[in-house]
Amino acid sequence: CRRNPGEPEFQQAAHEVLSSLAPVLAARPELAEPGLIERIAEPERQIIFRVPWQDDSGAPHVHRGFRVEFNSALGPYKGGLRFHPSLNLGIVKFLGFEQTFKNALTGFGIGGGKGGSDFDPRGRSDAEVMRFCQSFMTELHRHLGEHTDIPAGDIGVGSREIGYLFGQYRRITNRWESGTLTGKGRAWGGSELRPQATGYGAVLFLADMLTVRGESLDGRRVAVSGSGNVALHAIEKAQELGAHVLTASDSAGCVLDEKGIDLPLLKHLKEVERGRLHVYPHRRGTSARYVPGGRVWDVPADLALPCATQNELDAEAAATLVANGVKAVVEGANMPTTPGAVHVLQQAGVSFGPGKAANAGGVAASVLEMQQNATRQTWSRTQTAARLAAVMHRIHDTCYETADRFGAPGDYLTGANIAGFERLATGMLAQGLV
Ligand code: NDP
């Protein structure tokens, strides 16, 4: 804490991982080398820069850009860019730290990084977003490269923003390096299923957790939070597997739809109109209502998928979910469940799928995109779906078996942290004191 004052999210993420490592450090003393934990908790490099741009009226604005290159022991830095007014260095560091463990868990050769800006794209015209992205990339480009650092999207950064960022990168460098950014459009180097991968992957992970218990999603009532990229595709996959998804939310409130979320309507509102959620019940009819400031966790559900943002599910919300009979909670977002909430869920015997494992489908699909870029190939949707599913099953099994191996059967959080650590530590120790 003394080294990272004013960074509560980073302290929370680091504490959550480091406090679960005692069993592996005891069982594998070769990984308990002095100084290793300190190096794991310290980013390799942090870049902070000015992003000046002009709005449509000609008024100047200055935002702050970040890229935290956290750990490259396993491969080039890889992780998304977030554009949100709340973004600060502590949040980027927490995301980069989580990303490092997540990427280790995928089994691919990628390190961890994260970045973004306190710019808010909501309510901005396409031309304003383009000018902002161009200014952001004008500085960031010098730090990127397919063997160095490869960003993707996150909150506030979707295919529109990736397009503007890639265009500026290509213009400045005069190189078609498609492996430098992932989440590209299908027509210009993107992969099938990259937009869907995080949400789909989280539901595949949940399905595997249920299979272990001899259960499935079929007919289950599901509460999903958020209405962005991850939430929309989690809803889609859960519905495909027969679940009854009742909720969605944004930062202003939530929608409850007793008939089940009308996904084409919700997608149109969010992806085409870029509108707000409170419009949904007006178009949907009497089965739906919007609760300003409401939380999806108050709706009785068998399964819950927090897919919006960090610390959105606290201990009190977890107690409500438990009282309503929730069986499993799986994180589509990064660290949406507070430590107090995790404790409440685990004490109540609720299966908990941590984001660093459950939402790794996005980064896994980014690697599939990089593989296609490197070989100048494009894979079919079926082929890509099969690979994504295989990665998610592997991650699930790794967490499950690791938890078992270290005396914590069914504890996916411990399993994910230890499995990520084992791979990362092995790579770092082999490469010496760097
Ligand atoms: P989007 O920007 O597409 O959607 C974010 C959603 O969360 C929106 O509904 C937004 O509502 C809501 N939200 C954002 N901030 C807050 C807040 N402070 N309080 C309440 N609601 C909020 O982002 P993504 O769907 O891509 O990302 C969602 C989560 O998933 C993040 O934690 C991200 O780090 C994580 N993630 C994303 C991956 C990806 O591939 N995109 C990969 C792995 C993890 P509003 O519109 O009102 O802001």
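This is a predicted model: local features need pLDDT of at least 70, side-chain atom pairs count only at pLDDT 80 or more; totals for chains, interfaces and linings use all residues.
Residues are numbered from 1 along each chain as its sequence is written.

Ser 366 sits in helix α14 (residues 361-375); helices are DSSP runs of H or I with at least four residues, numbered from the N terminus. Ser 366 counts as buried because 29 other C-beta atoms lie within 10 Å. The cut-offs are 20 or more such atoms for buried, 12 or fewer for exposed, and partly exposed in between.

In UniProt, an unreviewed entry lists Ser 366 under "binding site", together with Lys 78, Gln 99, Lys 102 and Gly 153. UniProt annotations may be inferred rather than shown by experiment; their positions follow the numbering used here, and feature names are shortened. Take Lys 102 from that list: this residue belongs to helix α4 (residues 89-106). Lys 102 is buried, with 28 C-beta neighbours inside 10 Å. Not counting residues up to four places away in sequence, Lys 102 touches Lys 356, Ala 360 and Val 363.

UniProt (unreviewed entry) also places the feature "binding site" at Thr 198 and Asn 229. They are spread over 32 residues of sequence, yet they cluster in space, with a largest C-alpha distance of 8.2 Å. Thr 198 is found in helix α7 (residues 194-212), while Asn 229 lies in helix α8 (residues 229-240). Thr 198 is buried, with 29 other C-beta atoms within 10 Å, and Asn 229 is buried with 25. Beyond its neighbours within four places in sequence, Thr 198 has contacts that include Asn 229, His 233 and Gly 332. Asn 229, with residues up to four places away set aside, touches Gly 158, Pro 195 and Thr 198.

Now for a pair of helices. Two packed helices are described by the angle between their axes and the distance between the axes. For helix α11 (residues 315-323) and helix α12 (residues 339-347), the axes come within 7 Å and cross at roughly 25 degrees. Axes are lines fitted to C-alpha atoms over the stretch in contact, and angles run from 0 to 180 degrees between N-to-C directions. α11 and α12 are therefore roughly parallel to each other, a term for angles under 35 degrees.

Definitions and conventions. Helices (H or I, at least four residues) and strands (E, at least two) are DSSP runs, numbered from the N terminus. Two residues are in contact if their C-beta atoms, placed from the backbone, lie within 7 Å. Angles under 35 degrees count as roughly parallel, over 145 as roughly antiparallel, 65 to 115 as roughly perpendicular and the rest as oblique.
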